[in-house]
Amino acid sequence: MILGRQGKTDESIRHCPAELELDPGNYAVNGGLATLLERKGDDAAALSYYETALKLRPDYEFARVKLVYLLIRQNRHNEALVQAEEVLRLNPKQYRAHNALGLIRKNQGRLDEAVHHFSEALRLEPNDRNANINLLQLQSEHGTAGVAGDLSS
């Protein structure tokens, strides 16, 4: 997996099957391989490896958060919602899960809930660029009248 962090994604992907053959129960290798495959655009394979990692270790936060965003990109919002809520059940301070819930609620037209989750992400991690952009984008698209007050404050 170190190779993946060094920008050697293809080489890392080639090494993972050997690692998994030696230790098929290694949740971290499954999660890492999923991330590498996602980076290469193979979302179907990435999904499978995230799910395997979570079967091996249901509290593997990294894989669950990554799975949430993958499901959102695939417009599988109901599945993403279940996964994001599970992340927050395990760790209520997981700001990325709040940001994801904001995206899901925005896509569902539940704007007040989207604002709540984007705001909560920013409360937990004030420097979270994604939540900030999402909140400002929501304001730009819908103004302040349709969502919980003035988003700029």
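Start by colouring the chain by pLDDT (the predictor's confidence in each residue, from 0 to 100): helix H1 (residues 2-5) has the lowest mean of the chain's elements, 45, while H7 has the highest, 98. Helices here are DSSP runs of H or I, at least four residues, numbered from the N terminus. Now pick residues 148-153, where the pLDDT is below 50. Where pLDDT is low, the predicted coordinates should not be read in detail. This is a predicted model: local features need pLDDT of at least 70, side-chain atom pairs count only at pLDDT 80 or more, and totals for chains, interfaces and linings use all residues. Residues are numbered from 1 along each chain as its sequence is written, and side-chain values use heavy atoms, with hydrogens and water left out. Over the whole chain the mean pLDDT is 89, and 89% of the residues reach 70 or more.

**Stop 1: helix H5**

Select residues 61-73, which make up helix H5. This helix has 13 residues and reaches 19 Å from its first C-alpha to its last. That is close to the 18 Å expected at 1.5 Å a residue (1.5 Å times one less than the number of residues). Several of its residues are buried (under 20% relative accessible area; exposed is over 50%, partly exposed in between, with a 1.4 Å probe and protein chains only), among them Ala-63, Val-65 and Leu-71. Show H3, H4, H6 and H7 too: the buried residues of H5 pack against these helices.

**Stop 2**

Is Leu-70 buried or exposed? Leu-70 counts as buried because its relative accessible area is 0%. Beyond four places in sequence, Leu-70 is in contact (heavy atoms within 4.5 Å) with partners including Asp-43, Leu-47 and Tyr-50. Asp-43 is 27 residues away in sequence, yet the C-alpha atoms of Leu-70 and Asp-43 are 7.4 Å apart.

Go on to Tyr-50, which touches Gly-31, Lys-66 and Leu-67, among others.

**Stop 3: the rings**

How many aromatic pairs does a search of the whole structure find? There are 2, where rings of Phe, Tyr and Trp (its six-membered ring) pair if their centres lie within 6.5 Å; planes under 30 degrees apart are stacked, over 60 edge-to-face, and the rest tilted. Select Tyr-27 and Tyr-60: their ring centres are 4.8 Å apart and their planes at 80°, so this pair is edge-to-face. Tyr-27 sits in helix H3 and Tyr-60 in the loop between H4 and H5, so the pair ties together parts 33 residues apart in sequence. Tyr-60 is buried at 13% relative accessible area, while Phe-62 is partly exposed at 41%.

Notes:
Helix = DSSP H or I, 4+ residues; strand = E, 2+ residues; numbered from the N terminus.
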